[in-house]
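Let's go through a protein model together, one question at a time. Have the sequence and the 3D view open as you read.

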Amino acid sequence: MENLKETNNLIADYYIQHYDELLAFVCRHSLSQETSEDIVQNVFLRILSIGKMITAITLPSLVYTVARNLIYDYWRHLRYVEEYEHYLAWQGCQSSPASVYSINEIGEILERGIARLSDKHQHIYRMSLYEGLQVSEISQTLNMNYKSVENRLGIARKEVRQYMRRMLVS
């Protein structure tokens, strides 16, 4: 307990003394001021949650390693977002207006798919989908075996997925 307190104090002192220096390091990677501040904050949150022994000797290297990794993660995330936006824009050019469904139409198709299930499958599927219950919670609520609920939910999901796929393609 005392060692954890010393480590946290060490990290807090380093944060206070080297915040501007680390912020300048992060800003040099073509990031906005706000994004850089968020990354610097996340560096120290990550380090505080590591839970391993950190010394005054290892802390500077750890700080810059975590900062560099968070910068890489940020740019990697932006790249994936841009690729996905490009994909969506390309898909929009390829599709006709007749193939675009409204949320209400998709909801109606989903409900028709659920209606095709047996009563037990419907009830379990609705509890999972609309109430957000886990398999264990559903099994406790319905007083059923966990594996039975898991199996029925899997079958229901598969059937609804196949029905949705058939209806949305046509």
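What follows is a short talk about aromatic rings.

Student: What should I know before starting?
Tutor: This is a predicted model, where local features need pLDDT of at least 70, side-chain atom pairs count only at pLDDT 80 or more, and totals for chains, interfaces and linings use all residues. Residues are numbered from 1 along each chain as its sequence is written, and side-chain values use heavy atoms, with hydrogens and water left out.

Student: How many aromatic pairs are there by the rule used here?
Tutor: Rings of Phe, Tyr and Trp (its six-membered ring) pair if their centres lie within 6.5 Å; planes under 30 degrees apart count as stacked, over 60 as edge-to-face and the rest as tilted. By this rule the number of aromatic pairs is five.

Student: What kind of pair do Tyr 15 and Phe 44 make?
Tutor: Their ring centres are 4.7 Å apart. The planes meet at 85°, so the pair is edge-to-face.

Student: Which helices hold Tyr 15 and Phe 44?
Tutor: Helices here are DSSP runs (H or I, at least four residues), numbered from the N terminus. The pair ties together parts that are 29 residues apart in sequence, because Tyr 15 lies in helix α1 (residues 2–27) and Phe 44 in helix α2 (residues 33–50).

Student: Is Phe 44 buried or exposed?
Tutor: Buried means under 20% relative accessible area, exposed over 50%, and partly exposed in between (1.4 Å probe, protein chains only). With a relative accessible area of 4%, Phe 44 is buried.

How values were computed:
Helix = DSSP H or I, 4+ residues; strand = E, 2+ residues; numbered from the N terminus.
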